[in-house]
Amino acid sequence: MKKEYLQGLHDGIPVAIGYLSVSFAFGMMVQQGGYSPWLALFISMTNVTSAGQFAGFNLMMQMAPYIEIAMTTLIINLRYALMSLSLTQKFDEKMNRIKRAICAYGVTDEIFALAMQRDGSVTMSYFMGLFTLPYIGWATGTFLGAWFSGLLPDAIASCMNIALYAMFIAIILPQARAEKNKRIAIVLAVICSCIATYLPISSGWAIIGITIMVSLFMAIYFPIQEDEV
Amino acid sequence: MTQAIMSIVVMAVVTYLVRMLPLVLFTKKIENQTVKSFLAYVPCVVLATMTFPAIFSCTSHWLSGVIGASVAIFFGYQKRSLVEVAIIAVVTVFIVERFI
């Protein structure tokens, strides 16, 4: 139990560092919108999502109706439903519904990616270990960003943006290298995603649509053999 | 202020439900080969979709984005660790932007 948790803590370190810088930018944005660092902290601790809370905060500043805020948050974050669905197969079968509901709080793009990378099934201890430092990083970064707004030079903030994307690349490329099917899936996804930027749809819908279409196409025409799943 | 707090609560509840419902509703291991394959493809497809082409426009100049992405792809393909690839990409973008 404890060993699993510590392993999770260790594996979550790079994500925590990435979150610290991304959430710093979010904190700055909230402060510049005229709100207190405490409100920024409240948003980050209750939402724990990047794109979702950036978009939601913008709507909140414009005094948008709650239904619009709810719909936008839903569309941008619907990809988490797909991730949670994948995680149902990765979690330890003995994990009960209450434990699953607690773990659900920690489903983010990066935590999901790391959990799926682990060999064998994922226990609650490991998952919560993974989530702990990134959550602290996300909260701390937001608060500091709002508190010291303007302290981080733009030159550094700009290059920090690439950190999480670079991490995603480091997660998918070794898989692409090892499996031909994954390679095809990734190439298809990138092509569709580039085309989608020219279509009049939001990036939230594009991510969901492309993920479903490409994964379904691949599952039907290039099913993954039993032992590889 | 109440409007702000209420908006945040709405965001938080929607986000949590999206994450929680699939996990709580589907607890059985899936046997169907197509569904299993679908779920196995989701992680790399969703990450690839989110990364491209967004990575090219996340920095202050497209050129630093393209060079940073190329470096990340090169080292990612070499199976370097996540931290290494992230740090190398950030440093590359920083250096390139000094020359733009």
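**View 1. Helix 10 of chain A and helix 2 of chain B cross with left-handed geometry.** Left-handed here says that the near helix is turned anticlockwise from the far one by less than a right angle, while clockwise would be right-handed. This is a predicted model, in which local features need pLDDT of at least 70 and side-chain atom pairs count only at pLDDT 80 or more, whereas totals for chains, interfaces and linings use all residues. Residues are numbered from 1 along each chain as its sequence is written, and chains are lettered from A and ligands numbered from 1 in the order in which they are written. Helix 10 of chain A packs against helix 2 (residues 33-51) of chain B at about 140°, and their axes are 10 Å apart. Axes are lines fitted to C-alpha atoms, for helices over the stretch in contact, with angles running from 0 to 180 degrees between N-to-C directions. The two helices are therefore oblique to each other, the class left over once angles under 35 degrees are called roughly parallel, over 145 roughly antiparallel and 65 to 115 roughly perpendicular.

**View 2. Here are the residues where helix 10 of chain A meets helix 2 of chain B.** From chain A come Tyr165(A), Phe168(A), Ile169(A), Ile171(A), Ile172(A) and Gln175(A); they meet Cys44(B), Leu47(B), Ala48(B), Met50(B) and Thr51(B). Contact asks for C-beta atoms, placed from the backbone, within 7 Å. Ala, Val, Leu, Ile, Met, Phe, Trp, Tyr, Cys and Pro count as nonpolar, Asp, Glu, Lys and Arg as charged, and the others, Gly among them, as polar.

**View 3. Stepping back, 81 residues of chain A are in contact with 62 residues of chain B.** On the chain A side, helix 10 (residues 162-178) gives the most, with 14 residues. That side has 54 nonpolar, 20 polar and seven charged residues. Chain A itself has 12 helices and zero strands; helices (H or I, at least four residues) and strands (E, at least two) are DSSP runs, numbered from the N terminus.

**View 4. Asn32(B) sits in the loop between helix 1 (2-25) and helix 2 of chain B.** Asn32(B) counts as exposed because it has 9 C-beta neighbours inside 10 Å; the cut-off is 12 or fewer for exposed and 20 or more for buried, with partly exposed in between. From Asn32(B) to Ile87(B) is 55 residues in sequence and 40 Å in space, C-alpha to C-alpha.

Conventions: Contact = placed C-beta atoms within 7 Å.
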